[in-house]
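Dear colleague,

Please find the structure below, together with its sequence.

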Amino acid sequence: MTEDNRSMTLEELKACVTKYHTPENAELVERAWHFAEKAHEGQKRKSGEPYFIHPVRVATTLADLMMDGATIAAGLMHDCVEDCENVTLEMIQNEFGAEVAQLVDGVTKLSRLDFISREEQQAESLRKMILAMSKDIRVVLIKLADRLHNMQTLKFQPRDRQIAIARETLDIYAPLAHRLGVYAIKTKLEDLCFQYLYPEEYKDTAQKVGMRRAEREKIIESVKEELSKNITEQLHLSFELSGRPKHLYSIWRKMTLHHLPFEQIYDLIALRVIVDTVPDCYAVLGLVHTLWRQVPNRFKDYISTPKANMYQSLHTTVVGQNGQPFEVQIRTKEMHRLAEFGIAAHWRYKEGRAVGDALDEKLYWLRQILDWQSDTKDAREFIDLLKVDLFADEVFVFTPKGDIISLPRGSTPLDFAYRIHSAIGNKCVGAKINGRIVTLDRELETGDFVEILTSSASKGPSRDWMNIVKTSQAKTKIRQWFKKELKEENIEIGRAMLEREAARGTIPLSTLTKPEYVNALLSKLSLFDWDDVCASVGFGAMSAVGVISRLKEEYRRAEKIAAPPPQPVRTEEENEKRQHLAESAGVYLAGEPGMLVRFARCCNPVPGDEIVGYITRGRGVAVHKADCINAINFEPERIVEVSWANPESEFLAGLQIVAYDRDGLLADLAVLMSSMKAPIESVSAKIHSNGTATINLQLKTKSREQLDRMIKQLQKRTDIIEVFRIQQ
């Protein structure tokens, strides 16, 4: 990849494209360069730089990925339609053709005018991008290049925007890069997010990696010399040998997830061996295990069982002569190219076209997302399901015939059944793993042979299955079954829910459901009639609150009802003072700089929780968890958007612990909480006649992540029966 602070010139871009593609591609890039330069003339970024620097950086990243001319041209013009008044999509299509126009359109954000919240707009823009990906995967490669440069210039944004953009990048775009195998972008995005979201942890990890660097480099050179000599003398192979670059976020994430000290991260010292053929890979692996002692359970064969993102390599950890563990990765040149560029590698060749069947097979996970996204109308649910599918680690299991199936870690036999076919899932009555009957909620492990037991007499899925399955695909198939089989029941349930919700407001449901308002809603939701809306609410695809809010928006727009009277005008100094109070309390109020803020005592939200603000009568904005039971009764017009602003603030959170009673239990818990820097504010305990005790703790914590770590630590103890978060 190019250095972060350097852009290619037009001549360098053309030379790069010509190297891998036809001269016509270079000519297309040149025309796009001049078009975008003129369109962005006079525009500036927050950094004060000319805006045109941004599309050039995007094009530079795409050229580093060896993309074709159409992709680089679209990268140069990706912001023209959105940010330049005199440029339309039709203009780009007339000038550069339908292929380039389709790529630009896929990256262009949706207008905010039709949406009631920033979250909904974000979800719909992501949904649009996913659909565009299904037609041309290059859309997301342009978006990743765009997001990379935005992250590289994030220092010019205010702190609240830095956190919001970095969180979205870590939740959505870095996992997308991972699933597409584009590690050249993925690792940079993660490290940049790490720097802004966890600045202290970033500095600490960088400092630890930097310490004893000279000693590690000396060890690497010694190991390289010994391995190189033995490959040459014993195997007589052509090979390349290099050190593997360090990735700060992955180091910190391993330490955090597995509760490991820095000294137990074995891949700080790592070598990469690149050879010509697959047999050569295994020959080098055998030599490595001959020269050094292998660390148990630290060998992974991703050649025979590739990852879903096409990644292939052999990984092994061994112990050197000085007792220092180090990792060795072994792969072919083609595997290395795919490891760096992933799906982008398909456009390296001069013809600029990927092999359809092979590409389609490797993008099976994308087809899964397309399968369930159209059935998901709620914005929050769409984003949550997308995160689950993108973030999940994988397990590899076998069908009875020996075919390999990849599933997210934590998947169950039901997920396996729905992955094979929806009919098998719907008729499932049991499962066997490795020949033994198991419960349907048993988590699958890599290497399991799974057999699904079905019956034609089965009445279909149980509603409990929604709490068992892990994958979005299975959840969607189960919902579809209930939607189809129980539609009439869902319509009645949904209609009753909508009537109750409308009764809380001042506008009758009969007024809100006039044809002109309902038809506008149906058009936005892509539904056929009002019964479909009721059914969707009835089986949980949409919330009654969301539907009524949309209808009220249509009603007010059609009736041209004036906005509520403005608040008394405050001076800029008063607004800044009040906003400072809000941010110091830990949250940022989007578009509400003059409001006072307090945290609701009913649910005690902490950073990392999804939150919502509610304008109270005379007491400012109350911040609740989004799933707080009290939030159900909120009046939609008094809900405001809030986000976390100050990650250093401390918040109260409640834990309930059920444990086996013994002497010193409370003292041990106090020591554990203190070691995790979560001081106990209050405690109450009750001893039961069956030898157990229930303990309620009020703790000070800085984030939901810290709270989750505490819960996991407690769950590991043999004297703890269960732990869960409680509300006051």
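Buried here means under 20% relative accessible area, exposed over 50%, and partly exposed in between (1.4 Å probe, protein chains only). Helices (H or I, at least four residues) and strands (E, at least two) are DSSP runs, numbered from the N terminus. This is a predicted model, in which local features need pLDDT of at least 70, side-chain atom pairs count only at pLDDT 80 or more, and totals for chains, interfaces and linings use all residues. Residues are numbered from 1 along each chain as its sequence is written, and side-chain values use heavy atoms, with hydrogens and water left out.

Helix 23 (residues 487-503) has buried residues N490, I491, G494, L498, E501 and A502. These residues lie on the same side of helix 23, because they cover an arc of only 100° around the axis (taken from the directions from the helix axis to the C-beta atoms). The face turned away from that buried side carries the exposed residues E488, R500 and A503. Among the elements covering the buried residues, by contact (heavy atoms within 4.5 Å), are helix 22 (472-485) and helix 27 (544-559).

Strand 4 (residues 314-319) is mostly covered, with six of its six residues buried. L314, T316 and V318 point one way, while H315, T317 and V319 point the other. Strand 4 pairs with strand 3 (residues 293-301) in the antiparallel sense over five bridges; two strands pair if DSSP finds at least two bridges between them. Q294 stands opposite V318. Strand 5 (residues 325-332) runs antiparallel to strand 4 and is joined to it by six bridges, with L314 opposite I330.

Kind regards
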